[in-house]
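Colleague: Walk me through this one, please. Keep it short.

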Amino acid sequence: MASFSSYIFLIILFIISVGASKIKSIYLPGTYQSSLLVKKHDEKTKIPFKTHYFPQILDHFTFLPRSSKVFYQKYLINDQYWHKEGGGPIFVYTGNEGNIDWFAVNTGFMIDIAPKFNALLVFIEHRFYGDSMPFGNNSYKSAKTLGYLNSQQALANYAVLIRSLKQNLSSDSSPVVVFGGSYGGMLAAWFRLKYPHIAIGAVASSAPILQFDKITPWSSFYDAVSQDFKDASLNCYKVIKGSWAELDALSTHDDGLIEVSKLFRTCKALHSVYSARDWLWEAFVYTAMVNYPTEANFMMPLPAYPVEEMCKIIDGLPKGASKLSKAFAAASLYYNYTQTEKCFNLEGGTDSHGLHGWDWQACTEMVMPMTCSNESMFPLSSFSYKEFTQDCKKQFGVKPRPHWITTEFGGYRIEQVLKRFGSNMIFSNGMQDPWSRGGVLKNISSSIVALITQKGAHHVDFRSETKNDPDWLIMQRKQEVAIIEKWLQEYYKDLKQN
């Protein structure tokens, strides 16, 4: 069995057990951290924000001497369209597991709608990610420092920062709407539930808040990835499904690693066949997640509908070619769509987006069990809480709390609970996004709405609008804008009466 550190190679972190009966699980709903060298976004990319830092306290929930330790939390502001005097709204993005600049670049929807609403835009970085490190370079040193990394502390950070910002801007009457995609969407939804006196509404895109415990079938994620490829081409699905056995068989040869390194055009000789397995696995999962209808550069530069393009590659190769070589050719689209790579680095990558803290969150509160069923194009696998706990203890010296999220935020019988308790929430999901299976897919009340698109991918509605956007995406965004507008009208009406 591989070491636990080798398991975690994730969008968005895969935790892999290499035995046939073990689970290959994803614990990172936002983005995956690659074991490869993840390409950084173009350094020339300009985001229309000013960077600020807020003096944030370490621990909001205890009164120990160390609790009041201050660290500086990064946040971005755009006030270009804000009408402060008129009580213009404040749109806040609840930061995910990574650098906040990355999410600001990829959340053009908020910039697109800011002029219509005369809104102030604020993007807040999540503690222990990007530049918001409570203990500087020692933030990931041990469980003693990482113990302050959890979703509840993050939400409290956002609440304190928003209240302080409104006070400093003399804008106490400005309504706040929170936005978030993936894990950020989970945080946005939970923020609305925990801090309704601060945010009047939440837009949660691709937020798998039901991916915990046994609310959602454990095989749903990989079944969804597989269905995306099957819908594109049954032959494509079958080729990928059969490629894993060919890779395993090749690895048993005397010179197996040399053969795999040659086939995968690696820059350096591989030390483990599982690096090749992970490389393929990651490409297919990521591509299903970001199967956007237009060209995009979220995880990697990719064409429109990249799943279909991958399957065209597989279906277009000679029948005599091996399934493994076809799978490699398809995966190469993900890593080399720009045709600039002469070879591939399958081992020893870097964490260019600052996602490393998710290892800890996956081992403490964000426990999302996943399995691969017979319907999946991935090898059959199961999940064991016992083995997962042993791995986390070995890595961090902590025991996971698999039921904490549903205790803290709920999830079971969510329709019954939120129908009488919550309001003003949008849950948007695209059914081609494998994370959608753990999302809210039905309206709960007149003000807690599920917006579903059959061809949508991972928080595609939050991307900047383009001239090539399909009608269904344009309509989805219009629905979101109309709902937000209704929330604000109701708020201003109540404010005027009071």
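Modeller: Terms first: helices (H or I, at least four residues) and strands (E, at least two) are DSSP runs, numbered from the N terminus. This is a predicted model, where local features need pLDDT of at least 70, side-chain atom pairs count only at pLDDT 80 or more, and totals for chains, interfaces and linings use all residues. Residues are numbered from 1 along each chain as its sequence is written, and side-chain values use heavy atoms, with hydrogens and water left out.

Colleague: Fine. What is the strand order in the open sheet?

Modeller: The order is β3-β4-β6-β5-β7-β8-β9-β10. That makes an open sheet of eight strands with mixed pairing. Two strands pair if DSSP finds at least two bridges between them.

Colleague: Which strands stand at the edges?

Modeller: β3 (50-57) and β10 (448-453) do. Each has a single partner strand, so one side of each has no neighbour in the sheet. Neighbouring strands are turned by 20° against each other on average, direction ignored. Axes here are lines fitted to C-alpha atoms, for helices over the stretch in contact, and angles run from 0 to 180 degrees between N-to-C directions.

Colleague: Now β5. Buried or exposed?

Modeller: β5 (residues 90-94) is mostly covered, with five of its five residues buried. Buried means under 20% relative accessible area, exposed over 50%, partly exposed in between (1.4 Å probe, protein chains only).

Colleague: Which way do its residues point?

Modeller: I90, V92 and T94 point one way from β5. F91 and Y93 point the other way.

Colleague: How many bridges join β5 to β6?

Modeller: Five, and β5 and β6 (residues 120-124) run parallel. V92 stands opposite V122 in β6. β5 also pairs with β7 (residues 176-181), in the parallel sense over four bridges. There, Y93 has F179 as its bridge partner.

Colleague: What about β8 and β9?

Modeller: β8 (residues 201-205) and β9 (residues 425-430) pair in the parallel sense over four bridges. A204 faces F427 in β9.

Colleague: Which strands does α3 lie across?

Modeller: α3 (residues 108-117) lies across β5, β6 and β7. It runs at about 165° to β5.

Colleague: And where does N118 lie?

Modeller: In the loop between α3 and β6. N118 has phi near 55°, a positive value in a residue other than glycine. Most residues other than glycine have a negative phi. N118 is partly exposed, at 26% relative accessible area.

Colleague: What phi does S206 have?

Modeller: About 50°, positive although S206 is not a glycine. S206 lies in the loop between β8 and α7 (220-232). It counts as buried, at 1% relative accessibility.

Colleague: Which residues line the largest cavity?

Modeller: Y93, N96, F103, N106, T107, G181, F298, H459 and F462. The lining has four nonpolar, five polar and no charged residues. Ala, Val, Leu, Ile, Met, Phe, Trp, Tyr, Cys and Pro count as nonpolar, Asp, Glu, Lys and Arg as charged, and the others, Gly among them, as polar.

Colleague: And what space lies in the second largest cavity?

Modeller: About 40 Å³. Its lining has nine nonpolar, two polar and no charged residues. Among them are V290, Y292, F298 and P306.

How values were computed. On a 1 Å grid over the protein atoms alone, a cavity is a set of points where a 1.4 Å probe fits but cannot get out, and a pocket is an open set with protein on both sides within 12 Å along at least five of seven lines; lining residues have an atom within 4 Å of a point. Grid points are joined across faces, edges and corners, and a volume is the space filled by probe spheres set on the points. Contact means heavy atoms within 4.5 Å.
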